[in-house]
Amino acid sequence: MGPGEFDVIHALAFDSRGRLFVGDRQNNRIQIFDQDGTFIAQWFQFGRPSGIHIDKDDVIYVADSESRDGRTNTGVLSLPQTGYAYNPGAQRGIRIGSAVDGTVRSFIPDVCPYPYPSGSSMAEGVAVDSEGSVYGADFLEIGRAHV
């Protein structure tokens, strides 16, 4: 899909200048638009975006819960080398960087052991509190507390 086109929009966020950041997950990129909907840029360095959060200082947090290179958790190349979630070289986790220039400055790795399963693993969404604590929105049911 070309610049300004989408395949599985999975997250939206605005920066301090009002630019719209779109998590175009199936295309393994973030696309950026101005307030008139004009395409500005596309960034691939933040992985396969499942969730995006941009704070008041334009720090961008991007959750990638799906990137895979074709290997399963047994380390064997048994999944197709193309298709859904194929994003060679990208690890799952939360990337932290600049919404101003697109640099990635930090990485919180996914807790799911690598190589990854074919589906999604942990942080599907991301949020940050006023003290800078980063939260990954987990959609998997790991266990259930009994009250």
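Colleague: How do β6 and β7 pair, and over how many bridges?
Modeller: This is a predicted model. In it, β6 and β7 pair in the antiparallel sense, and 6 bridges join them.

Colleague: Which residue in β7 is the bridge partner of I60?
Modeller: That is G97.

Colleague: What sheet do these strands belong to, and in what order?
Modeller: An open sheet of 4 strands. The order is β5-β6-β7-β8, and the pairing is antiparallel.

Colleague: Which strands stand at the edges there, and why is one side of each left without a neighbour?
Modeller: β5 (51-54) and β8 (104-109) stand at the edges.

Colleague: Let's zoom out. How many helices and strands does the protein chain have?
Modeller: There are 0 helices and 10 strands. Along the sequence, the pattern reads β-β-β-β-β-β-β-β-β-β.

Colleague: How much of the protein chain counts as buried?
Modeller: Of its 147 residues, 44% do.

Colleague: What about contacts with a separation of 6 or more: what share is from residues 24 or more positions apart?
Modeller: In the protein chain, that share is 46%.

Colleague: Back to sheets. Where does β1 sit, and what is the strand order around it?
Modeller: β1 belongs to an open sheet of 4 strands, ordered β1-β2-β3-β4, with antiparallel pairing. β1 and β4 (39-43) are at the edges. Each has a single partner strand, so one side of each lacks a neighbour in the sheet. The twist averages 20° from one strand to the next.

Colleague: How many bridges pair β1 with β2?
Modeller: 5 bridges, in the antiparallel sense. Strand β2 covers residues 20-24. Opposite L20 in β2 stands F14.

Colleague: And how many join β3 to β4?
Modeller: 4 bridges, and the two strands run antiparallel. Strand β3 spans residues 29-33. Q31 has Q42 in β4 as its bridge partner.

Colleague: What is in the hairpin of β3 and β4?
Modeller: There are 5 residues between the strands. In this hairpin, G37 takes a positive phi near 85°.

Colleague: New topic. Which residues form a nonpolar patch on the surface?
Modeller: F6, I9 and L12. Together they have about 270 Å² of accessible area.

Colleague: Where is F6, then?
Modeller: F6 is in the segment before β1 (9-14).

Colleague: What about V8: where is its place?
Modeller: V8 is also in the segment before β1. Its relative accessibility is 37%, so V8 counts as partly exposed.

Colleague: What is V8 in contact with, leaving aside neighbours within four places in sequence?
Modeller: G23, D24, R25 and Q26.

Colleague: How far apart are V8 and N28 in space?
Modeller: 9.9 Å, C-alpha to C-alpha. In sequence they are 20 residues apart.

Colleague: And what separates Y86 from N28?
Modeller: Along the chain, 58 residues. Between their C-alpha atoms, 8.6 Å.

Colleague: Where does Y86 lie?
Modeller: In the loop between β6 (59-64) and β7 (93-98). Y86 counts as partly exposed, because its relative accessibility is 24%.

Definitions and conventions. Residues numbered from 1 in each chain as written. Predicted model: local features only at pLDDT ≥ 70, side-chain atom pairs only at ≥ 80, totals over all residues. Heavy atoms only, no water. Patch = residues over 30% accessible without salt bridge, like charges linked within 9 Å, V, L, I, M, F, W, Y side chains within 5 Å. Areas by Shrake-Rupley, 256 points an atom, 1.4 Å probe, with all protein chains shown as cover. Salt bridge = Lys/Arg side-chain N within 4 Å of Asp/Glu carboxyl O. Pairing = 2+ DSSP bridges. Axes fitted to C-alpha atoms, helices over the stretch in contact; angles between N-to-C directions. Buried < 20%, exposed > 50% of the residue type's maximum accessible area, 1.4 Å probe, protein only. Contact = heavy atoms within 4.5 Å.
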